[in-house]
Amino acid sequence: MPTLAAIADGAGAFAIDKIVVASPQPDEVLVEIKAAGICHTDHASLSWKRPLVMGHEGAGVVRETGSGVTHVKSGDRVVLNWCIPCGDCFQCRRGDTVLCETSRPAHVMEPSRGHAHANGTRWRGRPIDRSFNIGTLSGLTLVRKEAVTSIPAGVPFPVAAISGCGVMTGFGSAVNVARVQPGESVAVLGCGGVGLNIIQGAHLAGATPIIAIDSNPAALERARRFGATESILAGRDDLELRAVAGKIRTLTGDRGADYAFEATSVPALAFVPLLFIRDGGLALQVSGINDPVTVPMPWFMWNKRYITPLYGGCQPARDFPRIFDHYKRGELHLDELVTRTYRLEQLGEALDDMLTGRNAKGVILFD
């Protein structure tokens, strides 16, 4: 079936072009995309050294299922996830499904392998990979059955779409990975889409104080609305954010935060959260920075820990129902995250708005 999609050329550019999507194999689902979120990783995918169908946040309607699919049927509303576990490998048996050794969701810059079924999507007569094996910036997408989860009534497609990665990554990093507890202190560097969901997750966990840090006053104002109790405007000339670190110590009893999260996608800031945490605290680099960076080893003293959590420790069957329940109870503010919607042909404008910080989240609508 032909459809339009955003195709990254691997060298920094993209085009809107026609692709052809096959009918599902037994373990696949064909989904008509209704909404697709935009994040910094989509911009990064422009330079992943090969053509691919862009996008990794999406929600839509099941058009067709393979013979081995039983948990969804044609007409069901679904959200897609790029944590596509096989269920049988070493990591899946341990419960670390985001590290599945078969579908390898962590290795997004490699050509697809194993269960990806790349031949199900063709561009200009040749097979083409889909970003994160789902490629949601497309009218149709063909994915493995493990990539789809039903959306309950009352959850709009744009909300479901952004839950597929940005919400999951931020919320899950606070709740699943850091496991923030009531009364613990949290600092969040970068208050875009992921950062705001870290703040929301920390707020739901009962953290206090929750300190938002950004160089954009408008972003800090948004952070307050999403649960931050304190805000610090970062000076652009303070490269290591030493002044910010001092203010965090003042707000945390001259100790430092229990947890500090980086959500900026700025390589130079990857290790700066180590300066924000107390001795024995935990720094989390959430934005997925892949560039080479260096760090002075004394920043790790004393007993400070640093991790780069993947996808908020997502387990789709557990986490998406929980996120949607919080949303329906008014405990997660997801409608408010969608700053602006676009058509597929406005993707360039959507990426520009994201890169300049004009949006918390932009969403492409296909209807």
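Is Asp353 buried or exposed? Asp353 is buried, with a relative accessible area of 6%; here buried means under 20% relative accessible area, exposed means over 50%, and partly exposed lies in between (1.4 Å probe, protein chains only).

Before we go on, a word on the model. This is a predicted model, in which local features need pLDDT of at least 70 and side-chain atom pairs count only at pLDDT 80 or more, while totals for chains, interfaces and linings use all residues. Residues are numbered from 1 along each chain as its sequence is written, and side-chain values use heavy atoms, with hydrogens and water left out.

**Helix 8 and its surroundings**

Asp353 belongs to helix 8 (residues 347-355), where Leu347, Ala350, Leu351 and Met354 are buried too. Helices (H or I, at least four residues) and strands (E, at least two) are DSSP runs, numbered from the N terminus. Seen down the axis, the buried residues of helix 8 fall within an arc of 160°, so they line one face of the helix; the arc is taken from the directions from the helix axis to the C-beta atoms. An α-helix has 3.6 residues a turn, so residues three or four places apart point the same way. Among the elements that cover these buried residues are strand 1 (2-8), strand 2 (14-21), helix 1 (40-44) and strand 19 (361-365), where contact means heavy atoms within 4.5 Å. Just after helix 8 comes Gly357, with a positive phi of about 80°.

**Salt bridges**

Asp353 also has a charged partner, Arg358. Side chains of opposite charge can pair when their charged atoms come close. A salt bridge is a side-chain nitrogen of Lys or Arg within 4 Å of a carboxyl oxygen of Asp or Glu, and the whole structure holds 18 of them.

| Salt bridge | N to O distance |
|---|---|
| Asp353 and Arg358 | 2.7 Å |
| Asp319 and Arg318 | 2.9 Å |
| Lys73 and Asp76 | 3.1 Å |

Arg358 counts as partly exposed at 49% relative accessibility. In the second pair, Asp319 is buried at 0%, whereas Arg318 is partly exposed at 35%. In the third, Lys73 is exposed at 54% and Asp76 is buried at 16%. Elsewhere, Glu32, Lys34, Arg63 and Asp367 are linked in a network of salt bridges.

**Aromatic rings**

The structure holds seven aromatic pairs. Rings of Phe, Tyr and Trp (its six-membered ring) pair if their centres lie within 6.5 Å; planes under 30 degrees apart count as stacked, over 60 as edge-to-face and the rest as tilted. Phe271 and Tyr306 have ring centres 4.5 Å apart and planes at 25°, so the pair is stacked. This pair links distant parts of the chain, 35 residues apart: Phe271 lies in the loop between strand 15 (257-262) and strand 16 (277-285), and Tyr306 in strand 17 (residues 305-307). Phe271 is buried at 15% relative accessibility. Tyr306 also forms an edge-to-face pair with Phe300, at 6.3 Å centre to centre and 80° between the planes.

**Strand 15**

Six of the six residues of strand 15 are buried, so this strand is largely enclosed by the rest of the structure. Two strands pair if DSSP finds at least two bridges between them. Strand 15 runs parallel to strand 12 (residues 186-189), joined by four bridges, and parallel to strand 16, joined by five. Val188 stands opposite Phe261 in strand 15, while Glu262 stands opposite Gln285 in strand 16.
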